[in-house]
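Dear colleague,

I am passing on the structure we talked about, with a short account of what was found in it. Please have the sequence and the coordinates open beside this message as you read.

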Amino acid sequence: MDISNSIRKLRESKHLTQQEVADKLQIERSNYARFEARGKKLTIEQLENIAEALGVSIFEILMGKPQSAGHSDREIELEKENELLRKQVKDLEEQNKGHLNSLNIISQMFEGVKGYAEKNKDSLETMLSNDSVSSEAITSLSMGILGAMPNEVFNEKLKEDLKKRADEQMRELKRKK
């Protein structure tokens with residue numbers, strides 16, 4: 001039996017209409033009808049959602065028959081492995097999102113510092129060519145780089161706090177001179 005027929009027969013055995021299943025899936029009936037017709041072209045996620053809406057397992061959809069109470073040990077083992085693999089895939093997808101977010105932030109930081117360096121090229125070259133660099137110049141450079149950082153690294157409040165501290169240190173240095 002193909003998957004399309006299996007889904008339809010399971011739905012009918014539960015005395016559900018396409019509209020009732022579509023409502024459970026929170027989609028239009030016409031979209032559900034396409035799911036039911038697509039069979040082998042459904043994704044695992046779509047199969048999981050349909051199985052949940054019908055109150056059956058994916059195994060029942062794929063095998064075209066209800067699971068009996070006396071599952072073989074191998075079937076039970078495979079179902080457990082399948083659940084574990086699904087969980088691992090979801091965990092890896094979440095980790096991947098976190099890594100991509102970190103890479104985006106690093107890229108934004110690099111672009112911010114690069115943009116600051118390009119805008120202030122002459123003053124940076126002058127500063128680097130001097131034998132001694134003043135603390136004012138270093139503080140000014142730090143504040144410029146800080147301003148170029150994306151908000152994901154330093155939110156506006158933290159940037160303001162750091163700028164205030166740098167201003168206080170500048171005032172203190174000027175008083176000492």
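**What was found**

Read along the sequence, the chain follows the pattern α-α-α-α-α-α-α-α-α, which corresponds to nine helices and zero strands. Please keep in mind throughout that this is a predicted model.

For the chain as a whole, buried residues make up 25% of the 177 residues, and the accessible surface comes to about 12,800 Å², of which 52% belongs to carbon and sulfur atoms. Among the contacts with a separation of 6 or more, 54% are between residues 24 or more positions apart.

As general background, nonpolar side chains tend to be buried together in soluble globular proteins.

Leaving aside its neighbours within four places in sequence, Ile7 is in contact with Tyr32, Glu36, Leu42, Leu47, Ile50, Leu54 and Ile61.

Two helix pairs were then examined, and both involve H3. Two packed helices are described by the angle between their axes and the distance between the axes.

In the pair formed by helix H1 (residues 3–13) and helix H3 (residues 29–38), the axes come within 6 Å and cross at roughly 125°, which makes H1 oblique to H3. On the H1 side the contact involves Ser4, Ile7, Arg8 and Arg11, which meet Tyr32, Glu36, Ala37 and Arg38 in H3. Sorted by class, the residues of this contact are three nonpolar, one polar and four charged.

In the pair formed by H2 and H3, the axes come within 8 Å and cross at roughly 100°, and the two helices are therefore roughly perpendicular to each other. Here Gln18, Gln19, Val21, Ala22 and Leu25 of H2 make the contact with Arg29, Tyr32, Ala33 and Glu36 of H3. The contact of H2 with H3 has five nonpolar, two polar and two charged residues.

What do the two contacts share on the H3 side? Tyr32 and Glu36 of H3 are listed in the contact with H1 and also in the contact with H2.

Definitions and conventions: Residues are numbered from 1 along each chain as its sequence is written. This is a predicted model: local features need pLDDT of at least 70, side-chain atom pairs count only at pLDDT 80 or more; totals for chains, interfaces and linings use all residues. Side-chain values use heavy atoms; hydrogens and water are left out. Axes are lines fitted to C-alpha atoms, for helices over the stretch in contact, and angles run from 0 to 180 degrees between N-to-C directions. Helices (H or I, at least four residues) and strands (E, at least two) are DSSP runs, numbered from the N terminus. Angles under 35 degrees count as roughly parallel, over 145 as roughly antiparallel, 65 to 115 as roughly perpendicular and the rest as oblique. Contact means heavy atoms within 4.5 Å. Ala, Val, Leu, Ile, Met, Phe, Trp, Tyr, Cys and Pro count as nonpolar, Asp, Glu, Lys and Arg as charged, and the others, Gly among them, as polar. Buried means under 20% relative accessible area, exposed over 50%, partly exposed in between (1.4 Å probe, protein chains only). Accessible areas come from the Shrake-Rupley method with a 1.4 Å probe; for residues, only the protein chains shown count as cover.
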